[in-house]
Amino acid sequence: MEVPETAAISHLIQNAYSSFALLAGMQLGVFTSLADGRLDPLHVAEKIRVSSERLSPLLYALAATGLLRVEGNRFVNSDEAQRYLVETSPEYVGNLHHLLSDLWSAALRTADSIRLDHPQAEHSFAGMPPGKLHNFLRGLHDEALATGRDLAARFDFSSRTRLLDVGGGSGGLAIAATEVCPALNATVVDLPEVIPFTRRFIGEAKANQRIRTLAMDVTRQPVPGEFDVAVVKAFIQTLSPDRAAVALSHVGAALRPGGAVYILGNGILDDCRYSPPDAAIFNIVFLNIYRGGRAYTESEYRNWLLQAGLSDVRRVRQTNGSSIITARKT
């Protein structure tokens, strides 16, 4: 018999260590330490206050990933690392390490979550320690800002005046969208345990005059007010199917006629459930952190939105493989 190759298995195993090297580099501030030029391991270690002997293997590992380059005995950031992993860059995403360490630790418990029929790293925002909750929101914040800018520009929110950000967390999406669109005011809705942190991020951005917060559970009560546009980012995937349907009915009820809803996040699957690959694979994280949440299919979202009285349901596929589902209230 012909023995099958193990290329896929080997690839998956080796890629895990590359990810851990990236995580350590972000946690230690390696890329920021190299922002101003080439340094040898000793000087990098001095900047981030660690042992150069311990640090050196990580620097060479990051060079192997392509995020660093080696020139003689000195290291320099790649163009990508310089743009996205240096803390002073306007496009910095290095705070993701707070989120990644949490999610990757959770994913390591997948087998136990399945065996015991219960998420072994459950995210209960009502019971999460304040420090952990703040780090979780901080890890999401930079990406939320980028998403807000992209959405407001891509779908032209310039004619909109009232935005509803459902499960808005840090408020980053609302902060960025109101910066892009001067006429836009926003309301961020989240749980009572989350909203104090939301207000802190909004205050840091000096956006209090145009963004208000609302502490409530949108799966249990309608959202007061009327809005031109609603954004539901990385929220439906945290809910069971029944609660997801209720949440979207409440969002739909809060939209003015002609208003639009935009749903996005890691939880949108094709109807076959195994593509896009990134969404299907990331779905294992959800079973470790949510009791009822998971990635849902395009058809499931479509049915919930139609039941909520919305129409013109569309799915916009992005170049990175993710999707945005849109619908309008007619």
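Contact means heavy atoms within 4.5 Å. The model is predicted: local features need pLDDT of at least 70, side-chain atom pairs count only at pLDDT 80 or more, and totals for chains, interfaces and linings use all residues. Residues are numbered from 1 along each chain as its sequence is written, and side-chain values use heavy atoms, without hydrogens or water.

**View 1. Surroundings of Val-223.** Val-223 touches Leu-164, Val-189, Leu-214, Met-216, Val-218 and Ala-254, leaving aside residues up to four places away in sequence.

**View 2. The largest nonpolar core.** A nonpolar core is a set of buried Ala, Val, Leu, Ile, Met, Phe, Trp, Tyr and Cys residues joined through side-chain atoms within 4.5 Å. Buried means under 20% relative accessible area, exposed over 50%, partly exposed in between (1.4 Å probe, protein chains only). The largest core has 30 residues; Val-223, Ile-236, Val-261 and Leu-305 touch the most other members. At least two residues each come from strands E3 (162-166), E6 (227-233), E7 (255-264) and E11 (323-328) and from helices H11 (241-254) and H13 (298-307). Helices (H or I, at least four residues) and strands (E, at least two) are DSSP runs, numbered from the N terminus. H11 gives the most, five residues. Another core, of 23 residues, lies apart and includes Leu-145, Leu-151, Phe-157 and Ala-177.

**View 3. Two cysteines.** Cys-181 is buried, at 4% relative accessible area. Cys-272 is partly exposed, at 36% relative accessibility.

**View 4. Packing of H8 on H10.** Helices H8 (residues 130-154) and H10 (residues 195-204) pack at about 45 degrees, axes 11 Å apart. Axes are lines fitted to C-alpha atoms, for helices over the stretch in contact, and angles run from 0 to 180 degrees between N-to-C directions. Pro-130, Leu-133, His-134, Leu-137, Arg-138 and His-141 of H8 meet Phe-197, Arg-200, Phe-201 and Glu-204 of H10.
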